[in-house]
Amino acid sequence: MARIDLQNLGHSYTPNPRSDTDYALKPMTHVWEQGGAYALLGPSGCGKTTLLNIISGLLTPSEGRVLFDGKDVTALPTEARNIAQVFQFPVVYDTMTVYENLAFPLRNRGLRGPAVDARVREIAELLDLTPDLKRRGRGLTADAKQKISLGRGLVRPDVAAILFDEPLTVIDPHLKWELRSKLKALHRALDLTMIYVTHDQTEALTFADKVVVMHDGRVVQIGRPDELFAKPAHVFVGHFIGSPGMNVLPAEVAGRAAKIGGHVIPLGRAYPPLNGGEKIEVGVRPEFATLAPAGTGVPVRVTRIDDLGRVRIAKVELSGLPMAATVPENLSVTGDEASLTFDPSMIHVYANGSLVEGEAA
Ligand SMILES: Nc1ncnc2c1ncn2[C@@H]1O[C@H](COP(=O)(O)OP(=O)(O)OP(=O)(O)O)[C@@H](O)[C@H]1O
């Protein structure tokens with residue numbers, strides 16, 4: 001396994017990029033630690049596959065370098081990078097048994113004898129494939145085949161990294177959760193560097209120690225799932241993670257207060273006067289904006305209440321600005337007049353989409 005350094009790495013599919021918009025991947029510098037479980041998360045077209053293909057060696061970046069454990073691999077082809085890959089669709093040899101399929105990547109690297117047998121049985125056990133070891137690939141379900149593909153990716157103990165490209169796409173929904181938890185357990189047991197590409201926040205948040213959120217060719221935040229939730233570094237992260245996502249409202253901010261639609265809302269941190277032509281917004285997740293009886297907080301108009309089972313979410317308007325807020329269990333809402341109360345420590349300030357760090361008290 002390896003530490004992966006991306007140094008000023010960028011990629012444009014057009015030969016002479018002139019502006020930011022010509023880059024599928026805008027130049028970035030990041031370190032991905034050895035042994036980490038990373039998820040690359042972002043909507044379609046944000047550059048996930050481009051980045052993954054650069055790491056795997058399928059694509060040579062137009063700018064910058066990729067290092068594995070300090071060694072420059074930018075110009076090396078996939079075969080010379082010592083990585084394993086698991087794709088969306090199973091790669092399984094139908095005429096081979098499950099055992100032979102799992103042993104294939106080891107034998108292909110010249111391994112023979114008891115070492116192969118021990119590793120194949122270890123991986124089969126971890127993936128609950130032991131009872132199927134003698135069965136042929138042909139005739140297995142798509143789920144079972146993808147499990148074997150995962151096993152083939154995980155079987156080599158010496159790989160620099162394992163790259164998963166949306167590996168659970170073809171998996172039955174009820175099995176997805178199980179396989180995701182299994183992958184996480186495998187990561188702990190095998191101590192491998194894993195990079196998992198997905199556009200699904202649940203997949204990313206349940207699999208990864210660190211989630212790399214991409215938007216429009218940039219990495220906008222790398223963080224633990226709880227960090228992405230509590231302190232989104234960019235309004236995009238706030239929108240994309242969480243359901244419903246973070247409320248983002250235009251505001252004027254100075255000192256320890258934000259003015260939103262004419263109402264003054266106290267903040268948990270202090271800010272210098274912000275303007276300078278930048279777009280200033282505050283972000284607050286529905287979990288930290290609570291509906292309250294009229295006259296007890298910032299006045300809002302309730303437009304709808306959705307019962308999501310575990311929580312109720314109110315759609316409200318604050319001076320005409322639409323927002324979502326949590327409805328406390330014991331609050332009965334009658335009519336459309338209500339108030340909002342906020343947790344000031346969980347209100348964030350953004351300038352042109354990026355988080356502004358305030359000063360703590
Ligand atoms: N071979 C290519 N030639 C030109 N443009 C490309 C090529 N591959 C991707 N792009 C463009 O680069 C941008 C990033 O695409 P990429 O496939 O990396 O995104 P993605 O996040 O993986 O999306 P998806 O989840 O749909 O695969 C997109 O605008 C895409 O149209």
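This text walks through a predicted model, from the whole chain to single residues.

Start with the overall picture. The protein chain carries eight helices and 21 strands. Its C-alpha atoms fill a box of roughly 75 × 50 × 35 Å along the principal axes. Of its 361 residues, 38% count as buried. Among contacts between residues at least 6 apart in sequence, 67% join residues at least 24 apart.

One annotation marks out part of the chain. The unreviewed UniProt entry gives "domain: ABC transporter" for residues 4-241. Over residues 4-241 the chain is 35% helix and 23% strand. The end C-alpha atoms of that stretch lie 25 Å apart.

Turn now to an open sheet of four strands. The order is S2-S1-S4-S5, and the pairing is antiparallel. Strands S2 (25-32) and S5 (71-72) stand at the edges; each has a single partner strand, so one side of each lacks a neighbour in the sheet. Strand S1 (residues 4-11) runs antiparallel to S2, and five bridges join the two. Within this pair, Asp5 of the chain stands opposite Val31 in S2. Helix H1 (residues 48-56) packs on the sheet and touches S1, S2 and strand S4 (63-68). The direction of H1 makes about 125° with that of S1.

Just after the helix, Gly57 takes a positive phi of about 100°.

The ligand comes next. Lys48, Thr49 and Thr50 are among the residues around it.

Some backbone details remain. Asp69 sits in the loop between S4 and S5. Its phi is near 50°, a positive value in a residue other than glycine. Is Asp69 buried or exposed? Asp69 is exposed, because a residue with 12 or fewer other C-beta atoms within 10 Å counts as such, and Asp69 has 12.

Asp128 is also not a glycine, and has a positive phi of about 60°. Asp128 lies in the loop between helix H3 (114-126) and helix H4 (142-154). With 11 C-beta neighbours inside 10 Å, Asp128 counts as exposed.

The last stop is a proline. Pro244 lies in the loop between helix H8 (235-240) and strand S11 (247-250). The peptide bond from Ser243 to Pro244 is cis, with omega near -5°.

Notes. Residues numbered from 1 in each chain as written. Predicted model: local features only at pLDDT ≥ 70, side-chain atom pairs only at ≥ 80, totals over all residues. Pairing = 2+ DSSP bridges. Contact = placed C-beta atoms within 7 Å. Axes fitted to C-alpha atoms, helices over the stretch in contact; angles between N-to-C directions. Near = placed C-beta within 6 Å. Buried ≥ 20, exposed ≤ 12 C-beta atoms within 10 Å, placed from the backbone. UniProt positions renumbered as here; feature names shortened; annotations may be inferred.
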